[in-house]
Amino acid sequence: MSMVHTLNWYRRHHIEHPDLALWPRAAAVTRDDVTIAGESMTGMARAAGTPCTRVAESAARSWSAAAGERHCAVVVTTVEAVTVSPDGDGYDLWVDADLDGCEPLESTFRLIGRRSRAQEALFVARPCRRYGDLQCVLPVDVQAGDLLAFVIARPVALHDIRRRPLHPERLH
């Protein structure tokens, strides 16, 4: 299969039928937001700043439940920059959360706060010490200032995902 075919299939499947089994039980996913028990994650991020996190009960057949975790969390982060990857074939997505401080489920990354009809592309989410370990598919028009939401398998404290000024990949 070609990469374009795969991305188009993923886009149709992901937007029209997101895998809600990975999201908290009380989650609702729309084209431009995620709500947890009626609370907008876009609204939470705008009120509290980013990164921010919301803990909720795991869905019955989620990774969290399979790992024995009763709860999972949704993290909302702001895109700081989008750069061309070091090999020139793809994009790096820099966010304001320390991704080493949590366990993001790659397939749950979603653009929230605005709708996009742009083609999708593969991004490497950063900062993460192991380059390339965390990949996600997002609209190619993602830009600095956009909000992203994703699920983490185990709840974490906010101080674990806040970026530290001495992070080795810190943008200058």
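Modeller: Gladly, and let me begin with a term: two strands pair if DSSP finds at least two bridges between them. Helices (H or I, at least four residues) and strands (E, at least two) are themselves DSSP runs, numbered from the N terminus. This is a predicted model, in which local features need pLDDT of at least 70 and side-chain atom pairs count only at pLDDT 80 or more, while totals for chains, interfaces and linings use all residues. Residues are numbered from 1 along each chain as its sequence is written, and side-chain values use heavy atoms, with hydrogens and water left out.

Colleague: How many helices and strands are there in the protein?

Modeller: Reading from the N terminus, the elements run α-β-β-β-α-β-α-β-β-β-β-β-β-α. Altogether, the protein has 4 helices and 10 strands.

Colleague: What share of the residues in the protein is buried?

Modeller: A residue is called buried under 20% relative accessible area, exposed over 50% and partly exposed in between, using a 1.4 Å probe and protein chains only. The protein has 172 residues, and the buried share is 46%.

Colleague: Over how many bridges do β1 and β2 pair?

Modeller: These strands belong to an open sheet of 3 strands in the order β1-β2-β3, with antiparallel pairing. Its edges are β1 (27-29) and β3 (39-40), each of which pairs on one side only. Between β1 and β2 (residues 34-36), V29 stands opposite V34. The antiparallel pairing of β1 with β2 runs over 3 bridges.

Colleague: Which residue in β8 is the bridge partner of L93?

Modeller: In general, strands of a sheet pair through backbone hydrogen bonds, either parallel or antiparallel. Here β6 and β8 pair in the parallel sense over 4 bridges, and W94 stands opposite R126 in β8. The bridge partner of L93 in β8 is A125.

Colleague: Over how many bridges do β8 and β9 pair?

Modeller: β8 (residues 120-126) is mostly covered, with 6 of its 7 residues buried. V124 stands opposite Q135 in β9. The antiparallel pairing of β8 with β9 (residues 135-139) is over 5 bridges.

Colleague: Which residue in the turn of the β5 and β6 hairpin has a positive phi?

Modeller: β5 and β6 run antiparallel and are joined by 5 bridges, with A81 opposite W94 in β6. Because 4 of the 5 residues of β6 are buried, this strand is largely enclosed by the rest of the structure. The hairpin has 6 residues between its strands, and the one in the turn with a positive phi, about 80°, is G88.

Colleague: Why are the buried residues of α2 on the same side, and what arc do they cover?

Modeller: The buried residues of α2 (residues 41-48) are M41, T42, M44 and A45. The arc is that of the directions from the helix axis to the C-beta atoms. They lie on the same side of α2 because they cover an arc of only 165°.

Colleague: Which exposed residues does the face of α2 turned away from its buried side carry?

Modeller: The buried residues of this helix are covered by strands including β4 (52-57), β5 (71-84) and β10. Turned away from that buried side, the other face carries R46 and A47.

Colleague: Which residue caps the N-terminal end of α2?

Modeller: After the helix comes G49, whose phi is positive, near 85°. At the N-terminal end, a side-chain oxygen lies 3.2 Å from the backbone nitrogen of T42, and the residue that provides this cap is S40.

Colleague: Is S116 buried or exposed?

Modeller: S116 sits in the loop between β7 and β8. Its side chain reaches the backbone nitrogen of A118 at 3.2 Å. With a relative accessible area of 13%, S116 is buried.

Colleague: Which residue in β10 forms an aromatic pair with F109?

Modeller: Rings of Phe, Tyr and Trp (its six-membered ring) pair if their centres lie within 6.5 Å; planes under 30 degrees apart count as stacked, over 60 as edge-to-face and the rest as tilted. The structure holds 2 aromatic pairs, and the one with F109 is stacked, at 4.5 Å centre to centre and 20° between the planes. It links distant parts of the chain, 41 residues apart, from the loop between β6 (91-95) and β7 (110-112) to strand β10 (residues 147-152).

Methods
Contact = heavy atoms within 4.5 Å. Polar contact = N/O pair within 3.5 Å; in protein donor to acceptor, adjacent residues only side chain to side chain.
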